[in-house]
Number of protein chains: 2
Amino acid sequence: MSAYPARPAPAGPTVDGMTEGELLARILPLLGDAGGALVGPGDDAAVLAPADGSVLISVDTLVEDHDFRLQRPNGHRTTGYDVGWKSAAQNLSDINAMGGTATSLVVSLTLPPHTPVAWAEDCARGLAAAIRGLGATGCSVVGGDLGAGAQIVVTAAVTGTLDGRPPVLRSGAAPGHVLAVAGTLGRAAAGLALLEDGRPLEDSGPVGELVAAQLRPLPPLAAGPAAALAGASAMLDISDGLVRDAGRIATASGVRLDLDPAALQQYARPLEDAAARLGVDPLDWVLGGGEDHGLLASFPPGALLPPGFTAVGSVEPGTPLVTLASQATVLRGWDHFAH
Amino acid sequence: MSAYPARPAPAGPTVDGMTEGELLARILPLLGDAGGALVGPGDDAAVLAPADGSVLISVDTLVEDHDFRLQRPNGHRTTGYDVGWKSAAQNLSDINAMGGTATSLVVSLTLPPHTPVAWAEDCARGLAAAIRGLGATGCSVVGGDLGAGAQIVVTAAVTGTLDGRPPVLRSGAAPGHVLAVAGTLGRAAAGLALLEDGRPLEDSGPVGELVAAQLRPLPPLAAGPAAALAGASAMLDISDGLVRDAGRIATASGVRLDLDPAALQQYARPLEDAAARLGVDPLDWVLGGGEDHGLLASFPPGALLPPGFTAVGSVEPGTPLVTLASQATVLRGWDHFAH
C-alpha cells in the first residue's frame, strides 16, 4: 500500500473568468485556520504572535506577460531593474499598509534558460535600489531561491515589525471618520496606458515620469507608521485601484465610503495631458488605477492627518459600498483572472 | 526628466548552463549586505533579529515542468494535493534544518487560466495536510497571493522560531565530529526515476511508496530541534543530494566529510528491486538523490545521537570535499540551470 493513495485528476470549472476573490473563497477554507496568527489571510499582511513579539509577513508575485512585459509593441523594454524595484516596492507597501516597517525580504527568482545573466543582476540591483531609495533602511534581502521556468517569475516575501503598536487593519473604519490618501493616485495607471499605447514614448518629461510611476512605483513608506501613530482606524495599500480597494475597507468595516470628486481633482489634473493624448478621462485612472501603492486610511473625527495624507472623502453609515459624491460608482480596477 | 532614467536592455551570457551557485555569486553582491540579520543568504533559512526575539525565514518555489509534471508519458498525473504537500514539506524542512520549528507559511499561487478550480483547491488541501501530517502543529498558512501565468508556480515562504536556541548553521563541523543522517536517502530519487521511466506504474506496493516519497516527501520535522538540543555542530536539509549537500557543509566548515559506504548500504538495500527494474545502482540514488528532505548533521565526539539519526561518516581535516571511504566522489545531484 502506498502511504498516500493516488488522487484522481480534477475536472470541472477552470479559474478562467473567476475573480481572485471567488477563487480565494474556494481555497481559504481548505487551508485550515490561521492558528496562532493574530491576523491571518485577508489583510495586507499577516501578523504573527511568536512568544517574543509580533512579526508582519506578506508575499507578492510578478509574472512576465501578466504583471510586466519585457518588450512592448512600441519598443519599450521593461528592465530587470524595473522588475526588481517593483517587486520590492509592492512588498514593502504591504508592510506600510499595516502601519509597520519592513525588516527583511526573501526573493524567489524563476528564470527561463535564455535569460541574460545581466537581466538577473539588474533585477538584484533594482531590489536593492528600491529598498534604499524608498527609505526602508531597516530592511535587507536575507535569502531566496533560484530556479528555471518558462517565464520570469519574481516572488518576494517581506517581514516587518510594528514596534509594539497594534496593526492597522481594514476593519476599523466607522461613520464620521475621515477618508484620506497618501502617495499618488492614477499615475501608474496612466503610465501603463501610455506603455500599452502603440506609439513610441518619450523617455523623459511628463510622459517618462508617468511611465516611471508604473515601472518603479514610489510607495510612501513613512506614511504607514505615521498613520498608525496618528490613530488611523483602517488602512490598506491601493494596489488594485482606489474604488476597488476602498470597497475592501467598506466590506471589512461594514460602512459606506463616500469619495469627494472635488478632492480627487488634484490627482486628475496632472494627468490631463496624457489623458487627452489617449482620449480618456483622467478621473478613470484616479478611481480605477492601482500600482501607485499609495495608502487609503480612515481617521477618527478630529484626528490630525499626518504629513503626506490628503482627505478624499468620508466614512458613512449604510450598506458596504463605495460612492462618489453619494452616487453609486461602477467597480473599476484590476483582477487577475476576470476579463 | 524621468525620476529614474530608463536602462538599456541587457545583453551578454544567459543563465543557460550556469550552476545555481555561479548565478548566485553574480547576484548576491548586488543585493547589499544582509543588514541586521543574524544569518543572511547561504544557509537553509535566514535568522532575523528584531528587537523582540529572533525569526527564521526561507522561501522555495515549485515550477510546472521543472519541479513537477502534471502528466507524464506513462500516464501518471501529479495532483494539486501532491504539489501543495511538497511545497509545504520543502519549506518546513528548511526551518527544521536550522534546528527550528515553523510558525507560518505564506503561499503565492500562479495559475494558467485553464487550471481547474479543483486543482487549486486540491493544492490548498495538500498544503494543509502536509502541515498537519508532518507534525508542524505550530504552523499555519497566514497569507498569500494569487495570480495568472503560463505555468503553475507555487512559492511558499516560511517563518520559524528557535525557541531561544542558537541556529545550527552549516559552518560548525570540525574534525573528529560524527556525521549523521535523519530521514530517508534515495527514495525520492528512486520515485522520480520510476516516474520518468516510460512504463506504467503500480499505485501501491513498494513502487507506489517510492513514487509517494518523490511526490509527498516526509521530512523528519522532530529531528531538527532534537539535533540542536543534542549539540549538533552543523546541519542542513538534503534537498539536492547527499554528496552535493555534504559538500556545502564541507565548504562552509572548511573540512573533509568522509561517508561510510557500509553505513549507506541500509539506505540502498530497500531500493534494490526498483534499481534492478531500471538497471541502475541504488547507491547512486542514495549519494545523488535529493528531495527526501532528510537532514545531514555533524555532532561533536561523544554526543549522543538524537532519536532518528544514523551515523553515516565522519568529519576529517583537509581540503573541503566529500569522500566515500576516503576516496574522491564524483559530484552528483541536482542543479537548476546546469545540464
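**View 1. The two domains of chain A, whose C-alpha centres lie 22 Å apart.** The structure is a predicted model, in which local features need pLDDT of at least 70 and side-chain atom pairs count only at pLDDT 80 or more, while totals for chains, interfaces and linings use all residues. Residues are numbered from 1 along each chain as its sequence is written, and chains are lettered from A and ligands numbered from 1 in the order in which they are written. Domain 1 of chain A covers 37-161 and domain 2 covers 178-328, with bounds that come from an automatic or database domain assignment. Their contact takes 23 residues from domain 1 of chain A and 25 residues from domain 2 of chain A, where two residues are in contact if their C-beta atoms, placed from the backbone, lie within 7 Å. On the side of domain 1 that touches domain 2, helix α2 (residues 80-96) of chain A gives the most, with nine residues; helices (H or I, at least four residues) and strands (E, at least two) are DSSP runs, numbered from the N terminus. That side of domain 1 of chain A divides into seven nonpolar, 11 polar and five charged residues. Here Ala, Val, Leu, Ile, Met, Phe, Trp, Tyr, Cys and Pro count as nonpolar, Asp, Glu, Lys and Arg as charged, and the others, Gly among them, as polar.

**View 2. The contact between chain A and chain B.** In this contact, 95 residues of chain A meet 96 residues of chain B. Helix α3 (residues 117-133) of chain A supplies the largest share of chain A's side, 10 residues, and that side as a whole has 47 nonpolar, 32 polar and 16 charged residues.

**View 3. Thr159(A) in strand β5 (residues 153-161) of chain A.** Thr159(A) has 28 other C-beta atoms within 10 Å and is therefore buried, a word used if 20 or more lie within that distance, whereas 12 or fewer make a residue exposed and counts in between make it partly exposed, with C-beta atoms placed from the backbone. Although Thr159(A) and Ile57(A) are 102 residues apart along the chain, their C-alpha atoms are separated by 4.4 Å. Not counting residues up to four places away in sequence, Thr159(A) touches residues of both chains, including Val55(A), Thr103(A), Leu48(B) and Ile57(B).

**View 4. Helix α1 (residues 20-27) of chain A against α3(B).** These helices pack at an angle of about 45 degrees, with their axes 9 Å apart; axes are lines fitted to C-alpha atoms, for helices over the stretch in contact, and angles run from 0 to 180 degrees between N-to-C directions. The helices α1(A) and α3(B) are therefore oblique to each other, since angles under 35 degrees count as roughly parallel, over 145 as roughly antiparallel, 65 to 115 as roughly perpendicular and the rest as oblique. Leu23(A), Arg26(A) and Ile27(A) in α1(A) meet Val117(B), Ala120(B), Glu121(B) and Ala124(B) in α3(B), and this contact has five nonpolar, no polar and two charged residues.

**View 5. Thr14(A), in the segment before α1 of chain A.** Thr14(A) counts as partly exposed because it has 18 C-beta neighbours inside 10 Å. Not counting residues up to four places away in sequence, Thr14(A) touches Pro113(B), His114(B), Thr115(B), Pro116(B) and Val117(B). Ser204(A), by contrast, is 190 residues from Thr14(A) in sequence and 43 Å away in space, C-alpha to C-alpha.
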